[in-house]
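Please examine the protein shown below.

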Amino acid sequence: MYRLAAFDMDGTLLLPDHTLGEKTLATLRQLAEKPMRLTFATGRHYLEMKDILANIGMEGFLITGNGTRIHDLSGHLLHASDLPEDCAHELLHTGWDTPASQHVFRDDGWFTALDDPDLLIPHQFSGFRYHLQDLRTLPDAGNSKVCFCAPHETLLKLVPQLKAHFGNRLDLCFSAHDCLDVQPAGCNKGSALALLTGGLEIKMSECMAFGDAMNDREMLESVGMGLIMGNALPVLKEQSPHLQVIGHCRNQAVSHFLQHWLHTPNLTYSPEY
């Protein structure tokens, strides 16, 4: 029996235009009526996710910043992980050989030196915005993650630089094709979900999870039922070939799968029907 469902947001629960579909919203409400804990596990900021849940009138545990923050149903902070101060300083003060833009998550918001309205397109649903600031003026303490944004090929060239500089002091992951996150070592959605479920006295084997990117892999691999979106990054499908692949987020595949699971669990699931 599954007691908790964990959902990635972009590319999974959200439509390609970064909004929630009506079928998905209805299914989430139906699921919430069951003895099932809903958890939203995302690279997005806690402040943004708090407002999204309030706007749709839904409760859920929040794992944000790719596992760097965990909040309960009342918004109380359960766990926080920040970049080591020396690593944060080096990240923000080193002249990396890349045209990628840098972005920093802190408890008081999203900070960047790049004023680009296109960055706000995925956040139109929530109205969440960045703060413009020279990142070198930020304190070394209190930075939960740093994100580099650029075309995928550009970010692939940056990865060896970061690995050579930091070694195992930090973790890197692609949260999207054009988004490379740098976060505390050992901090990810899977480890955060394990902390949350431990406090709730729920076994990881009693959880299901949905995701589409490499920042979802640890979570998908560690639960009783991990489900990969049809639109997922190819590398995720390649590295987790044993996990079931469902449909595309444009077709609200999470809702489609959950309706099958709720009403016809004895039948074999097919994304086409």
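In which loop does His242 have its place? In this predicted model, His242 lies in the loop that runs between α8 (234-239) and β14 (244-245). Its relative accessibility is 55%, and because exposed means over 50%, His242 counts as exposed. Val182 stands 60 residues away from His242 in sequence, and the C-alpha atoms of these two residues are 27 Å apart in space.

The overall form may be considered next. The protein contains 9 helices and 14 strands. Its C-alpha trace extends over about 55 × 40 × 35 Å along the principal axes. The radius of gyration is 18 Å, which agrees with the value near 19 Å that a compact globule of 273 residues would have. Of these 273 residues, 53% count as buried. Among the contacts with a separation of 6 or more, 57% are accounted for by residues 24 or more positions apart.

Attention now turns to Asp8. An unreviewed UniProt entry annotates Asp8 as "active site". This residue is placed in the loop between β1 (4-7) and α1 (9-13). Is Asp8 buried or exposed? Asp8 counts as buried, because its relative accessibility is 4% and the cut-off for buried is under 20%. Leaving aside residues up to four places away in sequence, Asp8 touches Leu13, Ala41, Thr42, Lys189, Phe210, Gly211, Asp212 and Asp216.

Which residues of helix α9 are buried? They are Ala253, Val254, Ser255, Phe257, Leu258, His260 and Leu262. An α-helix has 3.6 residues a turn, so residues three or four places apart point the same way. The elements that cover the buried residues of α9 include the helices α1 and α2 (22-32). Strands also take part in this cover, among them β1, β12 (207-211), β13 (225-228) and β14.

How values were computed
Residues numbered from 1 in each chain as written. Predicted model: local features only at pLDDT ≥ 70, side-chain atom pairs only at ≥ 80, totals over all residues. Heavy atoms only, no water. Helix = DSSP H or I, 4+ residues; strand = E, 2+ residues; numbered from the N terminus. Rg over C-alpha atoms; globule rule 2.2 N^0.38 Å. Buried < 20%, exposed > 50% of the residue type's maximum accessible area, 1.4 Å probe, protein only. Contact = heavy atoms within 4.5 Å. UniProt positions renumbered as here; feature names shortened; annotations may be inferred.
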